[in-house]
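Q: I am new to this structure and would like a close look at a single part of it. Please take that part slowly and then show what lies around it.

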Amino acid sequence: MASIAIVGDGPGGLSAALFLAKNGQEVTVYGTDETAMHHAHLHNYLGVPDLGGSEFQAIAKAQVAGFGAEIRAVRVTGVGTTEDGFEVTTEAGDTQMAQYLVLTEGKSPELALSLGLEETEDGIAHDREFHTSIDGVYVLGRAARRKRSQAIISAGAGATAAVDILSRIEGKHIQDWDTPPRDE
Ligand SMILES: Cc1cc2nc3c(=O)[nH]c(=O)nc-3n(C[C@H](O)[C@H](O)[C@H](O)COP(=O)(O)OP(=O)(O)OC[C@H]3O[C@@H](n4cnc5c(N)ncnc54)[C@H](O)[C@@H]3O)c2cc1C
């Protein structure tokens, strides 16, 4: 089991948390619940014809917590690299160590910038798995795609990064596929 710290409780961070916790990893989501979703009403999220953004958030948080992720309603004030991984410090004054760090801060990616990650015109630079130039650090969602931000794109990015992390942990390609119960 690996420990993963996720900063950001919007669709990007919660989607990453869902896949990681569902697959048995130790996941902590840090969030201040200032997501733009509280200003949105969804008609363009596939499979969700008509839903308020705040209601979406409540459903998503319950789903993620149901798979065992811890969601902490606290601001992260600092992130740093250590010999063993990453250190996350909160405004409450406590510090957590993690092997992977997923930053989904939304429109103001201050923690990503504090790590010295490259900023492009459209957000923090990343590869197609949302991995950054620092091994083990992922930046995704609005933070990585400032001018073309949609809820389902952030959720997809969270899933992409999570599957990459799971594949790295297992040392082989992972696909989180479930099948319906069989009729007896
Ligand atoms: C008015 C409006 C209407 C919109 N309507 C739609 C729509 O109809 N359909 C659609 O698809 N999209 C819509 N969007 C866009 C959608 O809300 C975003 O694409 C989506 O919220 C991005 O998700 P995210 O997870 O990348 O970032 P965010 O949702 O911004 O989440 C980032 C989270 O990180 C937290 N955070 C940041 N820094 C820290 C820190 N240091 N410590 C702890 N927590 C931290 C914030 O509190 C926030 O909750 C709308 C946006 C707005 C503003």
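A: First, the ground rules. This is a predicted model, in which local features need pLDDT of at least 70, side-chain atom pairs count only at pLDDT 80 or more, and totals for chains, interfaces and linings use all residues. Residues are numbered from 1 along each chain as its sequence is written.

Now the helix. 11 of the 12 residues of helix 1 are buried, so the rest of the structure largely encloses it. Buried means that 20 or more other C-beta atoms lie within 10 Å of a residue's own; exposed means 12 or fewer, and partly exposed falls in between, with C-beta atoms placed from the backbone. Helices (H or I, at least four residues) and strands (E, at least two) are DSSP runs, numbered from the N terminus. The buried set includes Pro 11, Gly 12, Gly 13 and Leu 14. Phe 19, Leu 20 and Ala 21 are also among the buried residues of helix 1.

Helix 1 reaches 16 Å from its first C-alpha to its last, close to the 16 Å expected at 1.5 Å a residue. That expected span is 1.5 Å times one less than the number of residues. Just after helix 1, Gly 24 takes a positive phi of about 85°.

What does helix 1 pack against? Its buried residues pack against strand 1 (3–7), strand 2 (26–30), helix 2 (53–66), strand 9 (100–103) and helix 4. Contact here means that the C-beta atoms of two residues, placed from the backbone, lie within 7 Å.

An open sheet of five strands has the order 5-2-1-9-12, with parallel pairing. Strand 5 (70–72) and strand 12 (137–139) stand at the edges with a single partner strand each, so one side of each has no neighbour in the sheet. Two strands pair if DSSP finds at least two bridges between them. Strand 2 and strand 5 run parallel, joined by three bridges. Val 29 stands opposite Ile 71 in strand 5.

Helix 4 deserves a look too. Helix 4 has 20 residues and reaches 29 Å from its first C-alpha to its last, close to the 28 Å expected at 1.5 Å a residue. Its buried residues include Ala 151, Ser 154, Ala 155 and Gly 158. Strand 1, helix 1, strand 3, strand 9 and strand 12 are among what covers the buried residues of helix 4. Just after helix 4, Gly 171 takes a positive phi of about 75°.

33 residues surround the ligand, and the closest are Gly 10, Gly 12, Ala 40, Gly 106 and Gly 141. The shell divides into 11 nonpolar, 16 polar and six charged residues. Ala, Val, Leu, Ile, Met, Phe, Trp, Tyr, Cys and Pro count as nonpolar, Asp, Glu, Lys and Arg as charged, and the others, Gly among them, as polar.

Gly 12 is one of the buried residues of helix 1. Gly 12 is also among the residues closest to the ligand.

Key
Near = placed C-beta within 6 Å.
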